[in-house]
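Please examine the sequence and the structure shown below before reading on.

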Amino acid sequence: MASSHAPPFFILGPLIFFLLLLLQFSSIALSASLHPPATISPTKAPTAPSPSTSLHPPTTISPTKAPTAPRPSTSPSPASSPTPAKPSPSTPTPTPTPTSASSLNPKQVRALQSLNIPTGKNPCSPLHNSTMICDSSKPFRNLISLTLANCSDDVALSLTALKTLSTLTTFKFIDCPISPIRFPSELTSNLHSFTCINSLKKLTGVWLSRLLNVTDLTVSHVTVIASGPAIILGSLKNLRSVSISHTNLTGFLPKHWHPNLTHLDLSGNQLRGKIPSSLNVMENLLVLNLSSNSLDGEIPPGIGDLTSLQNLSLASNSLSGSIPDSIAAMPDLVHLDLGSNLLNGTVPKFVSDMTKLKYLNLENNSFHGVLPFNASFLKKLEVFKIGSNDNLCYNHSSFAVKVKMGIAPCDKHGLPMSPPPAKDSSLESSSDSSDDNDNSDDNASHNRDHHGGTSKVVLGVAIGLSSIVFLIIFLVLLSKCCK
């Protein structure tokens, strides 16, 4: 009669169903706690680089340089050379005439070789030698332009060789510190352009004054011994462009000038005294550079008569007084540099009316008052320097909130306010606190995720253990009922 002791089905069935349901729930909870779903953060699609910025980088505009005369081309440009026409069938093809290995005058070839100057197979060909230009005379061509650059120590000028090269009209020495020699009269009378840059070690004013027919004279970064530029310029009646810069030239500026000069550069010397008012005779002058000397006194009012002037640089002198109003009469002025002087007074408003002005330097002076410029004027300038004028200020309502000009803004009385601190500490601290808040938020989120994951694991383990204990109790009760 064992069947009378078996537990009824209506008791055993629900218990088994409940046990299976509990085991399935615990397994799901444990799996979810051990393998939380991955959180996918949205990412931005990569932005393709703009073709215009990757293929064409932005152009950097340099400050306006002094205009220079165009250099004659020594070789035809491939783009501008005409395409040869195809010969017609009826026209016989011309046979090229054989040329000699060198069409240069043999005497001049030997002269160049005596100076240890390589000539090559064809010195007159611009494709093989860009330092020499020849004329078209026959049967032999003659040199009309010669450039000696980066000379070696074994190069030495000789009077005989220079006489042979007397056909030169252009003679250039660039980075060629060899010993100078007196040019023969045949050469000096024929030269129209002479350039000496960091070459010939030392020159004298008398040596340069012998270049009587020179129209373009450039001497730079070489010592010139002379009592002043007048001893040089007084003899050169045909000058159009002269640049004697960084030569330690002493003395005073000349009182008499050639009216046909278009370019005058005497910068980087030790010239002293006042700027003569006789400068106004050079009506064709385009460039006037007297910077980095020891000139004093006021800027002469007659400077405004130079109505063709495009570049005026008087910086780094000891000039005093105010900016003359006559400068307003220079309609083509592009470059105005009056920095590092002792100029005072107010900055004239007419400067902002110069429509072609691109470079303006008024820094390191003693200007005072309110700067009469607005944002639209400064926007068109490529270079603007106004700093180190302690008594000068600007109207902050005429500019953007953030502007850096090196001078203080004006107060309600038109006087300079105290300069702002180098850094805005409030913005910096708020930025730091914002960073700290962001970090604390990240840490809090991380802690919440960590604690949430831990609680899920504990819950799953607890449910599993409870299921095991319940199963053991159920099996014990079941065994007792079946006995």
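## The largest cavity

Arg182, Phe183, Thr188, Trp207, Arg210 and Leu211 line the largest cavity. A cavity is a set of points on a 1 Å grid over the protein atoms alone where a 1.4 Å probe fits but cannot get out, and lining residues have an atom within 4 Å of a point. The space in this cavity is about 40 Å³, a volume being the space filled by probe spheres set on the points. Domain 1 (103-198) and domain 2 (202-418) both contribute lining residues, so the cavity lies between them; the domain bounds come from an automatic or database domain assignment.

## Basis of the model

This is a predicted model, in which local features need pLDDT of at least 70, side-chain atom pairs count only at pLDDT 80 or more, and totals for chains, interfaces and linings use all residues. Residues are numbered from 1 along each chain as its sequence is written, and side-chain values use heavy atoms, with hydrogens and water left out.

## The open sheet of eight strands

An open sheet has eight strands in the order β9-β11-β13-β15-β17-β19-β21-β22, with parallel pairing. β9 (250-252) and β22 (408-409) stand at the edges with a single partner strand each, so one side of each has no neighbour in the sheet. Strands are DSSP runs (E, at least two residues), numbered from the N terminus, and two of them pair if DSSP finds at least two bridges between them.

Within this sheet, β17 (residues 342-345) and β19 (residues 366-370) pair in the parallel sense over two bridges. Asn344 has Ser366 in β19 as its bridge partner.

Definitions and conventions: Helices (H or I, at least four residues) and strands (E, at least two) are DSSP runs, numbered from the N terminus. On a 1 Å grid over the protein atoms alone, a cavity is a set of points where a 1.4 Å probe fits but cannot get out, and a pocket is an open set with protein on both sides within 12 Å along at least five of seven lines; lining residues have an atom within 4 Å of a point.
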